[in-house]
Amino acid sequence: MEISDIPDRKATATLPHTGSDLRKRPRAIPQVSGLTSETKDPDPGYSVSETGKSCEDEGNRSEAVIQSANHVANGNDGGDKTANGLDRGTDFAAVKLAYRPSAPAHRRIKESPLSSDAIFKESHAGLLNLCIVVLVAVNSRLIIENLMKYGLLIRTGFWFSSRSLRDWPLLMCCLTLPIFPLATFIVEKLVQQKYIHEPVVVLLQVILTTAVVLFPVFVILRCDSAVLSGVTLMLFACIVWLKLVSYAHTNHDMRALAKSIEKGDVQPNSLNTDYPCSVNFKSLAYFMVAPTLCYQTTYPRTPYIRKGWVVRQFFNLIIFTGVMGFIIEQYINPIVKNSQHPLKGNLLYAIERVLKLSVPNLYVWLCMFYCFFHLWLNILAELLRFGDREFYKDWWNAKTVEEYWRMWNMPVHKWMIRHIYFPCLRNGIPKGVASLIAFLVSAVFHELCIAVPCHMFKLWAFIGIMFQVPLVLITNYLQNKFRNSMVGNMIFWFIFCILGQPMCVLLYYHDLMNRKGKTE
């Protein structure tokens, strides 16, 4: 007995209903390769790939007939054509043939949806929804458990209740920092008018940029200021330092290009002919408030400001800032206060505290990232009509630690590439050493932003950043060995969530408490 997917339309239309005629009439159903009960040997001239392709084509035709039969079985019998281009007359025959007990149910080679070959080709929207539901359920239970155990720990005005708002020395220091960009502009004007020579310019710029960092450090260490206000001042000072270095370095490079053009060594183009016009106060003022750390004479600009959009984003900024403060006060503070020093107490207890702290710490970090890199920088860019808003990339898909550092903070990454990494390469420094120098600069500023406000130099932040160098090598090796993006991404999240930030929070908290205890 032979089984066909699609009967001949002409034979179906003229098929008599008498049994004798049915026996006499020659069979009009075509034979289907691979689906007959008596399978013939394939033609010796056929290759294996051709035979497989033929079977796959027949399988596709069979599935088209089944879909058409389903269409009819569901009552959709109107119209002349089905979705697969088959006539309605064929649909009724397909209903009779496609679901016969002798019709083959397995026609093609297929993988299970969760197999390694097919898992990344399938949609996992349902599993994502399940994860969201589980996440909401688990965190709701944690919130209820926390409220039952500690009560509501939120104080009135908890986010701005510290004496940081009354810390006048740090506030005055912050207000005096714009003096340094003004001094840098005066130096650039003097060298443009040829009043001072290039070595003097380099010396003055080094002094000014160094003073931008040392002045806040001196003020914070002399004053018994709040940690929050000290961190804010140091972050602001580091941003000013990065901007001034970019401003001085860019103008120095444009002067060198202008001299090369005068000598005829370099042909003029749009990138190197605007040095005389670039030294103006308006361009410097826009650069100092723009959401970028790399100076250039012009930036891509948007045509207008979306005021309604700015209001909505500012409203989101307030909400997520409050959520971040709530998690800190209600979850992180009790966990940290009930913990021991991770390097001095019981090992299992320290591991339990780190794991318990990892979840709320991750939430706070994600809220901080969303508030600053997405909401605040986009609000600032919209108000200034700043066009290039690639402040971050999809760092959550990073397969290695190196990819994470390249994608999570694009303003700093572009600054490092432009003013440290490639200048090192142009001076003959190997790539590995140039990357090490970039991490060294990052480690120094991380330590300054945390150690100076805490009034202690334990070098935990410095060690944590420099520890990224061997992690880059390890994760790159594992990625090359396994060739699987899932493995590298899981290793990245494990290091990011557990080994990194929670451990640093515990270390700095206990060292800070020990310092305050000795002082008292």
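**Salt bridges, one by one**

A: The side chains of Asp-388 and Lys-414 meet in a salt bridge, with 3.3 Å from N to O. This pair links distant parts of the chain, 26 residues apart. Asp-388 sits in the loop between helix 13 (347–383) and helix 14 (401–407). Lys-414 belongs to helix 15 (residues 410–426). Asp-388 has a relative accessible area of 36%, so it is partly exposed. Lys-414 is partly exposed too, at 29% relative accessibility.

The model is predicted. It holds nine salt bridges.

Another one joins Arg-406 and Glu-402, whose closest N and O atoms are 3.4 Å apart. Both residues lie in helix 14, four residues apart, so about one helical turn separates them. Arg-406 is partly exposed, with a relative accessible area of 37%. Glu-402 is partly exposed as well, at 32%.

Helix 5 has a pair of its own. Arg-141 forms a salt bridge with Glu-145, and their closest N and O atoms are 2.8 Å apart. The two residues are four apart in helix 5, about one turn of the helix. Glu-145 is partly exposed at 41%.

Salt bridges also form a network, which links Glu-188, Glu-198 and Arg-255.

Helix 5 (residues 125–150) also holds Val-138. Val-138 is partly exposed, with a relative accessible area of 39%. Val-138 is one of the residues of a nonpolar surface patch, together with Leu-114, Leu-127, Leu-130, Val-134 and Leu-142. Their accessible area together is about 520 Å².

Key. Residues numbered from 1 in each chain as written. Predicted model: local features only at pLDDT ≥ 70, side-chain atom pairs only at ≥ 80, totals over all residues. Heavy atoms only, no water. Patch = residues over 30% accessible without salt bridge, like charges linked within 9 Å, V, L, I, M, F, W, Y side chains within 5 Å. Areas by Shrake-Rupley, 256 points an atom, 1.4 Å probe, with all protein chains shown as cover. Salt bridge = Lys/Arg side-chain N within 4 Å of Asp/Glu carboxyl O. Buried < 20%, exposed > 50% of the residue type's maximum accessible area, 1.4 Å probe, protein only.
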